[in-house]
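Trainee: I would like to learn how to read a model like this one. Can we go through it feature by feature?

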Amino acid sequence: MLQLIARRFVFALVTLWAVSVVVFTAVELLPGDACQAFLGQMAQGQRLDNCRSRYQLDQPAQVRYLKWAKGLLAGDLGQSIKRDKPLKEIIGPRFRNTVILGLSAALLGIPMAILLGAIAALYRDQRVDIWISGIAIFCMTVPEFITGTLLISFFAVWLGWLPGIVIMRADAPLLEVLSNIVLPVITLTLVMVAHIMRMVRTSMINVLASEFVLMGNLKGLPRWQLVLRHALPNALLPAINLIALNIAWLMGGVLVVEVVFNYPGIGRLSVNAISDRDFALVQAIALLMASIYIGLNLIADLISLLLNPRLRNQQGAG
Amino acid sequence: MSSPLLTTEDLSIGYVNDQAEPVAVISSINLTLGRGETLGLVGESGCGKSTLLLALMAYQKAGLQRLGGRLEFLGEDMVAMSARDLQKLRGGQMALIPQNAGQALTPTMRIESQIFEALRLHSNLGMAAWRSRSIELLERVQLARPGEMLKRYPHELSGGQQQRVAIAMALAGEPDLLLLDEPTTGLDVTTQVHVLDLLRDIVAETQTAMIYVSHDIGVISAVCEKIAIMYAGELVELGEKQQLINQPAHPYTQGLLDSIPKLHQSRLPVGMEGRQPQPGLRDFSSQCVFLDRCGHAQPICEQSKPGLLKLPGQAVKCHFGEQTLALKDLATGSQVAKPEGFSKVVLQVSDLCVSYDRPSLKRRIMGDKADLTVQDIAFEIRQGEILGLVGESGSGKSTLLKTVAGLQQPLSGSMVLNEKFDLSYAVGKRAPECQQRIQLVFQNPDASLNPSHTIEEILARPIALYFGGSESAISEEIDQMLERVNLPVAYRHRYPGQLSGGEKQRIAIARALVAKPDLILCDEITSALDVSVQASIMKLLLRLRDESQLAILFVSHDLAVVNALADQVVVLQQGRIRESGRVYDVFSSPEHEYTQSLLASVL
């Protein structure tokens with residue numbers, strides 16, 4: 001068991017290292033460098049050389065990668081030439097905002113999705129199921145910038161209950177952030193719930209048809225005990241990794257939603273960084289996103305190890 | 001006489017389509033069971049025996065419903081019972097022991113929580129007493145180290161242990177009636193004997209009544225006093241065990257008994273022609289349900305449905321119940337002439353060792369030997385000879401078969417085909433002639449025939465691959481082959497899904513035969529089939545062997561089948577040959593302890 005966990009951790013670290021190399025190389029391969037991007041039309045002659053030597057861009061790529069990687073290990077993301085600030089200061093508060101947004105959506109969405117999926121499976125092909133599944137398919141097919149826009153026009157423009165766009169500073173206090181994220185969270189939740197709910201429903205239907213559920217019935221178990229203790233844990237096993245993928249996807253969805261709602265998070269920052277050609281910032285965000293992806297998958301693996309006794313006592317083999 | 005434990009009156013279960021009449025899956029079941037009585041329900045797959053067993057707990061699988069009839073337990077109408085009362089009854093006074101305990105135990109829960117649950121629901125014990133009671137129960141089912149077992153998860157137990165846990169769980173509510181759904185079908189024969197002994201003990205000690213469903217009349221007669229025979233959803237015969245087996249009155253019962261291969265007589269069992277009608281395809285409400293396959297059918301069988309004719313100690317649903325009893329023409333299968341051994345050796349295996357282990361670096365340095373799955377195997381098969389390879393699961397018989405087929409590399413030893421071809425290469429590296437001369441037939445034809453190819457395509461492939469030839473020549477060959485395996489030529493345009501299990505297995509055999517092999521490897525090819533179908537496949541194999549002087553390596557766990565079919569037998573245990581020789585010699589005077597225990601386990 002411990003060996004298995006250790007192995008997963010090592011895999012995660014190796015992947016992370018590989019990602020850092022890929023991200024670094026990708027930015028290297030782009031035409032021009034940070035100084036050219038920063039100086040724009042004036043990027044020539046002495047000025048360019050000065051800039052390059054100031055930010056040590058004149059050193060070979062391997063050396064710069066090692067420096068960058070060393071900085072990362074020490075928690076230093078580097079410096080934005082464009083914004084002339086440590087990246088940590090730029091990313092920090094926005095990352096917090098995005099995490100708040102994503103976390104709220106996940107905390108609201110995942111339990112709801114599991115509940116709805118289970119209900120839909122229990123009342124398979126009956127009216128409840130048809131409604132839940134129908135709405136889910138609708139939510140899945142409509143892209144979030146449309147959902148977001150529809151929500152804005154309904155709740156903000158038409159009813160006037162909620163602010164349509166988020167107007168706040170990136171480093172606003174937590175309370176202010178929370179009061180601003182209702183519509184973005186709903187937008188994110190809708191799509192996510194739909195995906196996870198469909199998965200839970202399918203997996204629950206399979207489990208309900210299994211022999212141990214039949215056995216539970218014939219053992220005289222009341223229905224809700226049968227569902228909660230026997231069926232649901234087994235139905236969730238195959239869903240866990242999908243849920244992790246969905247949360248990771250959430251980071252991508254966040255990008256669109258943040259732009260639609262003008263929310264000061266990492267998604268909007270990355271859009272800006274790309275249009276500004278702020279290479280260092282793009283690099284840092286890409287690495288951050290990748291770490292989140294890898295981290296979530298690692299957590300999902302660990303949870304399925306925890307819930308699935310069959311995986312648990314494989315002695316790290318295979 | 002006290003009131004009966006369980007009675008059914010005209011119980012029918014089926015499904016309702018939108019348009020048509022309701023379709024009965026089981027119809028007009030009349031059963032009475034007294035306290036402490038044991039009844040075996042025997043029938044082939046699809047006869048509705050499992051549906052009936054669930055129906056006796058007032059449970060129907062999704063899509064099925066009760067179409068009519070009564071069901072009473074201890075004088076109480078179970079149909080009218082509330083869900084809560086039914087929950088009290090199920091797992092309490094009547095408990096089910098499932099077919100496949102491995103899948104009937106919840107994989108994410110420890111054994112203890114599953115037994116505790118049964119105790120919580122169906123006993124008056126307080127929480128403090130659950131553990132000691134659970135240990136008692138596990139000791140009752142002779143499970144070693146019960147305290148440790150409680151902490152385990154289902155997958156950490158062997159098949160036999162899982163089945164014992166399922167029995168212990170059923171006993172938790174101190175039931176008056178145990179319902180068993182083929183509880184030993186997935187187990188090895190020696191384990192099966194232990195489980196059956198245990199069940200007999202429990203019944204004798206606690207006066208628990210039992211209804212035992214199985215396709216295996218041998219198993220049933222080992223534990224039950226009465227036997228009921230089911231066919232196409234109806235009870236066709238019911239009687240005391242000895243009487244029913246010695247004097248079957250229904251033509252179906254007779255046919256069923258005749259199709260069972262027996263260990264003490266080396267004759268081929270007689271198969272039954274035709275197949276069991278499926279529910280809904282035809283209305284049997286005014287006809288005998290066995291009409292199509294019955295050798296004694298008269299016009300009256302087509303005009304009216306026979307009622308249950310009561311004979312002393314026996315009841316039979318046949319117009320001619322009394323006559324067939326007298327008529328019973330002791331159908332005896334042909335005595336198999338076992339050839340004395342032809343000169344040419346088709347397969348020679350010597351000193352064969354196979355290992356699935358990839359030796360680790362450390363072991364290679366230390367010079368440790370790899371774990372051998374099979375070792376020191378030596379045997380030969382001659383032309384026109386059938387060699388039976390028997391053993392329990394894990395004995396290495398499939399590994400051996402795979403190695404001969406070239407799907408698994410041997411570690412050492414030699415395999416020689418036709419005294420010249422070396423078979424120690426993987427199948428892809430063997431000479432084309434080698435590939436063609438060894439053909440394989442698998443256990444499960446559902447998995448081995450491509451469902452999206454027609455029979456024609458399935459059979460044409462090997463012909464084109466090995467011999468080529470014009471389309472018309474291939475086509476003619478397919479026709480001939482279908483005839484040889486007793487299938488209508490018209491089947492060539494069908495898909496495997498449109499064939500019955502036995503017919504599919506015939507196609508699988510035909511596919512092997514069109515390659516004109518010298519050696520056919522058969523991996524449990526009759527295990528997935530009903531006995532009556534098994535008998536006809538066995539007959540086919542023997543005929544084909546005689547016609548083409550085939551050598552056949554026949555892997556099976558069923559000693560009786562091997563006894564009826566094979567000339568030579570090899571007994572495997574834990575990867576080693578324990579005994580080998582002519583079937584008659586080995587089975588009539590087994591020398592090795594293991595062979596003796598295997599033979600003793602055959603029911």
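Mentor: Start with one ion pair. Lys219(A) makes a salt bridge with Glu117(B), and their closest N and O atoms are 3.0 Å apart. Keep in mind that this is a predicted model.

Trainee: What is the general idea behind such a pair?

Mentor: Side chains of opposite charge can pair when their charged atoms come close. In this case the pair belongs to a network: Lys219(A), Arg229(A) and Glu117(B) are linked by salt bridges.

Trainee: How many salt bridges are there between chain A and chain B?

Mentor: The count is 2. Polar contacts are a separate tally. Across the interface of chain A and chain B, 13 residue pairs are in polar contact, both residues at pLDDT 80 or more.

Trainee: Which elements give two or more residues to the side of chain A that touches chain B?

Mentor: They are helix H10 (211–218), helix H11 (223–261) and helix H14 (309–312) of chain A. H11(A) provides the largest share of that side, with 7 residues.

Trainee: How do I read the extent of the interface?

Mentor: On the count, 22 residues of chain A are in contact with 28 residues of chain B. On the area, about 2300 Å² is buried between the two chains, and carbon and sulfur atoms give 57% of it. Then ask who contributes. Met215(A), Leu218(A) and Lys219(A) supply 29% of the area that chain A buries against chain B, more than any other three residues.

Trainee: How many salt bridges does a search of the whole structure find?

Mentor: Over all chains, 31. One of them joins the side chains of Lys226(B) and Glu37(B), at 3.9 Å from N to O. The cut-off is 4 Å, so this pair counts.

Trainee: Where do Lys226(B) and Glu37(B) lie in chain B?

Mentor: Lys226(B) is in strand S9 (residues 226–231). Glu37(B) is in the loop between strand S2 (23–33) and strand S3 (38–42). The pair therefore ties together parts that are 189 residues apart in sequence. Lys226(B) is partly exposed at 26% relative accessibility, and Glu37(B) is partly exposed at 27%.

Trainee: What other pairs are in chain B?

Mentor: Take two more. Arg145(B) bridges to Glu148(B), with the closest N and O atoms 2.9 Å apart. Glu148(B) is partly exposed, at 37% relative accessibility. Glu380(B) bridges to Arg382(B), with a closest N to O separation of 3.1 Å. Glu380(B) is partly exposed at 28%, and Arg382(B) is partly exposed at 25%.

Trainee: Is Ser214(B) buried or exposed?

Mentor: Buried means under 20% relative accessible area. Ser214(B) has 3%, so it counts as buried. Its place is in strand S8 (residues 209–214) of chain B. Look at what its side chain meets: a polar atom there lies 2.8 Å from the backbone nitrogen of Asp216(B). Next, look past the neighbours within four places in sequence. Beyond them, Ser214(B) contacts residues including Leu41(B), Lys49(B), Glu182(B) and Ile220(B).

Trainee: Where is Val289(B) placed?

Mentor: In a loop of chain B, between helix H11 (251–259) and helix H12 (299–303). Val289(B) counts as buried at 6% relative accessibility. Leaving aside neighbours within four places in sequence, the contacts of Val289(B) include Tyr231(B), Val236(B), Pro277(B) and Phe284(B). The C-alpha atoms of Val289(B) and Glu302(B) are separated by 9.2 Å, and the two residues are 13 apart along the chain.

Trainee: Which residues form a nonpolar patch on the surface?

Mentor: Phe154(A), Trp158(A), Leu159(A) and Trp161(A). Together they have about 510 Å² of accessible area. Phe154(A) sits in helix H7 (residues 144–158) of chain A and is partly exposed, at 38% relative accessible area.

Trainee: How do I sum up chain A as a whole?

Mentor: List the elements, then the dimensions, then the burial. Chain A has 14 helices and 2 strands. Its C-alpha atoms fill a box of roughly 85 × 60 × 30 Å along the principal axes. Of its 318 residues, 44% are buried. The accessible surface is about 16500 Å², with 68% belonging to carbon and sulfur atoms. Finally, check sequence range: among contacts in chain A between residues at least 6 apart in sequence, 76% join residues at least 24 apart.

Definitions and conventions: Residues are numbered from 1 along each chain as its sequence is written. Chains are lettered from A and ligands numbered from 1 in the order in which they are written. This is a predicted model: local features need pLDDT of at least 70, side-chain atom pairs count only at pLDDT 80 or more; totals for chains, interfaces and linings use all residues. Side-chain values use heavy atoms; hydrogens and water are left out. Patches are made of residues with over 30% relative accessible area and no salt bridge: like charges are joined within 9 Å, nonpolar side chains (Val, Leu, Ile, Met, Phe, Trp, Tyr) within 5 Å. Accessible areas come from the Shrake-Rupley method with a 1.4 Å probe; for residues, only the protein chains shown count as cover. Helices (H or I, at least four residues) and strands (E, at least two) are DSSP runs, numbered from the N terminus. Buried means under 20% relative accessible area, exposed over 50%, partly exposed in between (1.4 Å probe, protein chains only). A polar contact is a pair of N or O atoms within 3.5 Å; within protein, one must be able to donate a hydrogen and the other to accept it, and residues adjacent in sequence count only if both atoms are side-chain atoms. Contact means heavy atoms within 4.5 Å. Buried area is the accessible area (1.4 Å probe) that two parts lose on being put together, summed over both.
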